[in-house]
Structure formats: C-alpha cells, structure tokens
Amino acid sequence: MEINLSSVGMEKGRQYETVITTLSPEGKRNAAPIGVICTGKDSIICRIFKGSTTLENIISQKEFTVNITENPELFTLSTIDNLPETYFDENNSIKNIESYFKCEVTDLIEAVKRSDPIKSDSEAIVIKAKVTSLVINKNIKAINRAMGLLIETLVNFTRIDMVDDEQKEYYLGRFREAKRVINKVGSKEEQKAIHEIK
C-alpha cells in the first residue's frame, strides 16, 4: 500500500497537532504532544527543544511513532505527565488510536528561531523523517489548530464592544497571538479570514 498522509487529512506545508510516542534505549515508552509539519506524501518535520525525553529518545533510536487522535484526554495526559504504560500498544503506538504512522529519522538539524515567541536560551532540533508505515483504524483528519483559534477570535470579536477597556486589551492580545499562529499553521482560507477580522 502506498503511503500518503493526505489519507489522514495532512497537506504539504501545514502543521498538525499529534501525540508522538518514543522508546528509550532501556525500553521505557514515552508520549508527548508535538506539532508536525507535513513536507510530502510520506515525510514530515518537527522541532523539539533540547532536554525533552522525546528528543533524547528520537536521537538515540532514530525512529518514532506519530499518533493521530481527537481524544482530549490523550493530549492532556501526555502534556502534564507521561501516559501510563497500559495506554501503549506493543508496537509503541497508543492503544485504540484512530491512526498512527511510523517514522525513521533522515536528518537532525540544530535550530533556534529568532522569531520564536518562547524567549529562552533553549536550543531546538529540527527532525526530518520519512514515514515507513501508516495505519488507519478509523477515518480521521489530523488536527490543525488554526480553525479553533479562528472560532475563538470570532467569539471575542462579537463581544469586544460590550466589555471594558481592560478586557478589550486582553481580546486584542489574544487576537495578535491567534493571527501569528494562523499565519504560521493555517490554510490560505483561514489566513484570509483572520485578515478580514483585523
């Protein structure tokens, strides 16, 4: 079967929210929410800050699994702590996951973005990877956060003339951040929409 990430709704050049699972040299499993950018029908890149368990495992093993899900619990648990061992399948995907794909690392590149909103001395690594297998257990589209941000911005837009100056400033700050993210990860349609809101 030909691998094509469009079968899980991923388009070249767009970023998607996923849960990446990795294995340590000692066999300990780890899960972390990581945004991945589709770079072709069977390739992705992601950027991970140094010091994370996920990055250490990827560097040592040169492989990882990208889990595609809409399950909020999986994103939450893998953000605030690691998933319990019972959540992992034998092949290092997440049990009962909607879809997942296995990746092999093709390149590791040191990277610090000057425009990064995270102001720290933390360095990151860009991981380029080739998708070696794709499993679809349930029809799903990978999550791109642009649409959610657009909807939240529209909700704030409808309220901006009904709130005090302090709340207006808060809404404007939220708008600026939403615009930054949508321009980075959104579709042309979402980028056009956020420009119209401005």
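1. Lysine 192 has a relative accessible area of 54% and is therefore exposed; here exposed stands for over 50%, buried for under 20%, and partly exposed for what lies in between (1.4 Å probe, protein chains only). Lysine 192 belongs to helix H5, residues 188-197. From leucine 108 it is separated by 84 residues in sequence and by 34 Å in space, C-alpha to C-alpha.

2. The model under review is predicted: local features need pLDDT of at least 70 and side-chain atom pairs count only at pLDDT 80 or more, whereas totals for chains, interfaces and linings use all residues. Residues are numbered from 1 along each chain as its sequence is written, and side-chain values use heavy atoms, with hydrogens and water left out.

3. The protein contains five helices and six strands, where helices (H or I, at least four residues) and strands (E, at least two) are DSSP runs numbered from the N terminus. Along the sequence their order is β-β-β-α-β-α-β-β-α-α-α. The radius of gyration, taken over C-alpha atoms, is set against a globule rule of 2.2 Å times the number of residues to the power 0.38. The protein has a value of 18 Å, close to the 16 Å that the rule gives for 198 residues, so it is as compact as a globular protein of that length.

4. Of the 198 residues, 40% are buried. Contact means heavy atoms within 4.5 Å; among contacts between residues at least 6 apart in sequence, 69% join residues at least 24 apart.

5. Arginine 29 is placed in strand E2, residues 29-40. Its relative accessible area of 18% makes it buried. Its side chain reaches the backbone oxygen of glutamate 90 at 3.2 Å. Beyond its neighbours within four places in sequence, arginine 29 has contacts that include Thr22, Leu23, Phe88 and Asn92.

6. The structure holds ten salt bridges, each being a side-chain nitrogen of Lys or Arg within 4 Å of a carboxyl oxygen of Asp or Glu. In one of them, glutamate 85 pairs with arginine 29, with the closest N and O atoms 2.7 Å apart. This pair links distant parts of the chain, 56 residues apart: glutamate 85 is in the loop between H2 and E5, and arginine 29 is in strand E2. Glutamate 85 is partly exposed, at 47%.

7. Glutamate 110 and lysine 50 also meet in a salt bridge, at 2.8 Å from N to O. Glutamate 110 lies in strand E5 and lysine 50 in the loop between strand E3 (43-49) and helix H1 (53-61), so the pair ties together parts that are 60 residues apart in sequence. Glutamate 110 is exposed at 53%, whereas lysine 50 is partly exposed at 38%.

8. A salt bridge of 3.9 Å, N to O, joins the side chains of arginine 174 and glutamate 152. Arginine 174 is in helix H4 (residues 165-185) and glutamate 152 in helix H3, 22 residues apart.

9. Most residues other than glycine have a negative phi. Asparagine 92, however, has a positive phi of about 75°, and asparagine 96 has one near 60°. Asparagine 92 is in the loop between helix H2 (72-80) and strand E5 (99-111), and asparagine 96 is found in the loop between H2 and E5. Asparagine 92 is buried at 9% relative accessibility; asparagine 96 is exposed at 78%.

Notes:
A polar contact is a pair of N or O atoms within 3.5 Å; within protein, one must be able to donate a hydrogen and the other to accept it, and residues adjacent in sequence count only if both atoms are side-chain atoms.
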